[in-house]
Amino acid sequence: MSYLRLAICVVGVYSMFLLWAIAQERLSVPFQSIDGKSFDKFHSPLFLGTCQSFLSCLSALGYILLRRPSGQKLPQTLGLLDGSNSATNGTATANGSAKTNGHAHHGHTQDPASRNKSLLLRYFQCAVFITSAAPFGFAALSYITYPAMVLGKSCKLVPVMLMNVVLYRRKFAAHKYLVVAMVTLGITMFMGFGKEKPSKAAKNADLSAYTQLIGISYLLINLLIDGATNSTQDEIFARYRVTGQQMMFWINLFSTVLTSLISVLPLPYIPVIHPSASGTELQGALEFIRTHPSVIVPLAQFALTGALGQLFIFETLQHFGSLTLVTITLTRKLFTMLLSVVVYNHKLTPGQWLGAAVVFAGISVEAWVKRKDVHAKRVIQEKEKARIKTL
């Protein structure tokens, strides 16, 4: 049963996020208008985020309610009560990422109201980070190619380490700095040896270096905010007894509310965040869908596969731990880049393939060290159990 569950998780993560990646790249290029007279780009990143977070919130809620123990109160099911006396909270397995990162659960002396308020504020903080990061990632695709984007997003270790040091004063093992160096070198090689022009530079080759610099800057901002999100999620797992699905529900609920409010505000032109010159983002998105109906399929594909993919990720995390999840997501990103090259006919130079190999080699070092550490801990635990039995 365990192997069958793992196989389902692997297939689910691969299929959902490969389809999600195809839809994401399709949404970054122009769509033909309904009258066939023009090709226009979809400039509503917050609307994209709203669609995905809403479906993710619903899927997480459905998952939680489906696995809800009989007689359990709804607040406790959603993780709002301190479930220290409940064995159904799934903390021992669901918090694998926090334990793997070396965090330990702290004892709680707060009353339930104070604890819940503090927890919800952390969830809201993650929602703010995610809402802020998404537009920068979407905007970067106008300036760099999608394979470069995937490669950059594969290097979350760098900003996660940086934000953990800056925000929470954590320290890291020496090998992580080697991984950071390899990732940085590989990304530099990939961008330096690239010959394919990004969309903004297609009409004017002289803008290529400038546009790629803008794209890399947007990507770095996206990764830094993602790093803040991941470090805050680690902090939540370390301080509170919650499951991954509960976190998924609350963060996506806050994200949906936040992006919905921003989408109906008559904001002025704001680069990246609100690229429309007039009207609200919701009006602009609905008008674009009306005049460019071909956007509906990739938009629905993006939101649905993203929501289902998150469920498979949290299911993998809960039952098999973060080490298995890292291995799955690492290989998934490699296949995502290869799929993008095949489907959208990107041209990579030998230097770019070498740079990509250096990046994935660096990330593989991180996965190998994690597996080695976990194995060593298991050996120690088995020896301790054997010693106790002999007493």
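Is T77 buried or exposed? I looked this up before anything else. T77 counts as buried, because its relative accessibility is 3%, and buried here means under 20% relative accessible area, with exposed over 50% and partly exposed in between (1.4 Å probe, protein chains only).

**Ground rules.** I am working on a predicted model, where local features need pLDDT of at least 70 and side-chain atom pairs count only at pLDDT 80 or more, while totals for chains, interfaces and linings use all residues. Residues are numbered from 1 along each chain as its sequence is written, and side-chain values use heavy atoms, with hydrogens and water left out.

**Confidence.** I checked pLDDT, the predictor's confidence in each residue, from 0 to 100. The protein averages 78, and 80% of the residues score at least 70. Residues 83-108 stay under 50, and the model gives them 52 contacts beyond four places in sequence; a contact is heavy atoms within 4.5 Å. Residues 200-207 are also below 50, with nine contacts beyond near neighbours in sequence.

**Whole protein.** I find 14 helices and two strands, taken as DSSP runs numbered from the N terminus (helices H or I, at least four residues; strands E, at least two). Of the 391 residues, 48% count as buried. Among contacts with a separation of 6 or more, 82% are between residues 24 or more positions apart. The accessible surface comes to about 19,400 Å², and carbon and sulfur atoms hold 68% of that; the areas are Shrake-Rupley with a 1.4 Å probe, and for residues only the protein chains shown count as cover.

**Back to T77.** I placed T77 in helix α3 (residues 74-77). Leaving out residues up to four places away in sequence, T77 touches I64, R68, Q72 and Q246.

**Helix α11.** Since 14 of the 20 residues are buried, α11 is largely enclosed by the rest of the structure.

**Nonpolar patch.** Four of the patch residues come from helix α8 (residues 157-168), the largest share. V165 sits in α8 and, at 35% relative accessibility, counts as partly exposed.
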